[in-house]
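Me: I would like to learn how to read a model of this kind, one feature at a time. Please give me the general idea each time, and then the case at hand.

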Amino acid sequence: MPELPEVEVVRAGVEHWVAGRTVDDVAVLHPRSVRRHTAGAEDFSLRLKERSFTAVRRRGKYLWLELDSGDAMLAHLGMSGQLLVQPREHAAERHQRVRIGLGPAERELRFVDQRTFGHLMIDPLVDDTRGGSAGVPAVISHIALDPLDPAFDDDVFSATLRRKRTEIKRALLDQSLISGVGNIYADEALWRARLHWARPTAHLRRPQVSGLLEHLRDVLREALAAGGTSFDSLYVNVNGESGYFERGLKAYGRAGQPCGRCGAAIRREAFMNRSSYSCPGCQRAPRG
Ligand SMILES: [Zn+2]
């Protein structure tokens, strides 16, 4: 499942190819891929045709392509979705679901999605009440800014966190508090900050929260520089290259291997139907 760094890699790649291009042709090849566009596939196509893409933006793992009509095409990649820009004459991908012709370039934007959990929809841009400077698609306007957004407010986040009766990792995965942090990067940032995932947020001190945010930003930026983490062979960036940040992981997926800091064996614990990886030596579990 792509997380923020992977989606950012896609965003930058797609923006390079689509910004300034005008849609001259749209084909929805699988209705499931536009199921959230409730007005239907025909309306989806009509609202794209003859419109130009002005920018490609991201919040957390949500990605949208701004149109000169005041709408945006929102892309949710789900488990296996890919946005590829390819020459028109290039053979169709096996799981190609939507095809968008980009004039005057001899290229098209292709939404490829094997498992069809992802989707595309057209939604109006509204003012961003979460503090961002550009408009945001109405359906995701409740999603908090991500920590790499220049408008992300550390003080507000810290204060909100300490008022909540929750555990730190649950808070990091709560998209109404902070977006773009998935299981992998949460575990990596908590390892760097030496915090156990079950620490109650109400008891965290302000410098601990600041430190955690810095580690989170570092880990996201490092992953971004490496092209994202890719455990899923289905996930590739816009040029078809897989990310390779997984080599740099210190905790996630390393159960039983020695901690790079203290040598204790990394432990795996059940967490929200998934797993949390942490070091028993440097990330002590909270008492009772
Ligand atoms: Zn350790």
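Me: Which residue in β8 does H76 stand opposite?

Reply: H76 stands opposite H119 in β8. Helices (H or I, at least four residues) and strands (E, at least two) are DSSP runs numbered from the N terminus, and two strands pair if DSSP finds at least two bridges between them. In this case strand β4 (residues 71-76) and strand β8 (residues 119-126) are joined over six bridges in the antiparallel sense. This is a predicted model, in which local features need pLDDT of at least 70 and side-chain atom pairs count only at pLDDT 80 or more, while totals for chains, interfaces and linings use all residues. Residues are numbered from 1 along each chain as its sequence is written, and side-chain values use heavy atoms, with hydrogens and water left out.

Me: In what order do the five strands of the open sheet run, and which stand at the edges?

Reply: The order is β2-β3-β4-β8-β9, with antiparallel pairing. At the edges are β2 (53-59) and β9 (136-137), each of which has a single partner strand, so that one side of each is left without a neighbour in the sheet.

Me: How many bridges join β2 to β3, and how many join β3 to β4?

Reply: β2 and β3 run antiparallel and are joined by six bridges, with R58 standing opposite L63 in β3. The hairpin of β2 and β3 has two residues between the strands, and G60 takes a positive phi near 55° there. From β3 to β4 there are four bridges, again antiparallel, and E66 stands opposite A72 in β4.

Me: How many residues of helix α5 are buried, and what do they pack against?

Reply: In helix α5 (residues 183-192), 10 of the 10 residues are buried, so this helix too is largely enclosed by the rest of the structure. Among them are Y185, D187, E188, W191 and R192. The buried residues of α5 pack against α1 (4-18), α4 (168-172), α6, β10 and β11. Just after α5, R194 takes a positive phi of about 60°.

Me: Where is R47 found, and which residues is it in contact with?

Reply: Contact means heavy atoms within 4.5 Å. R47 is found in helix α2 (residues 41-48) and is partly exposed, with a relative accessible area of 27%. Leaving aside neighbours within four places in sequence, R47 is in contact with H37, L67, D71, I122 and P124. Its C-alpha atom is separated by 9.3 Å from that of M73, which is 26 residues away along the chain.

Me: Which residues are the protein donors of the zinc ion?

Reply: Donors are N, O and S atoms within 2.8 Å of the metal (3.2 Å for Na, K and Ca), and sites may look incomplete, as water is not among the atoms. Here they are C259 (SG), C262 (SG), C279 (SG) and C282 (SG), lying 2.1 to 2.3 Å from the zinc ion, with the sequence spacing C-x2-C-x16-C-x2-C. C259, in the loop between α6 (206-225) and β10 (267-271), and C279, in the segment after β11 (274-278), are 20 residues apart and link distant parts of the chain. Both C259 and C279 are buried.

Me: Which features does UniProt place at residues 2-118 and residues 250-284?

Reply: UniProt positions follow the numbering used here, with shortened feature names, and annotations may be inferred rather than shown by experiment. The unreviewed entry places "domain: Formamidopyrimidine-DNA glycosylase catalytic" at residues 2-118, a stretch that is 20% helix and 41% strand. For residues 250-284 the annotation, also from an unreviewed entry, is "domain: FPG-type", and the chain there is 0% helix and 29% strand, with its end C-alpha atoms 16 Å apart.

Methods:
Buried < 20%, exposed > 50% of the residue type's maximum accessible area, 1.4 Å probe, protein only.
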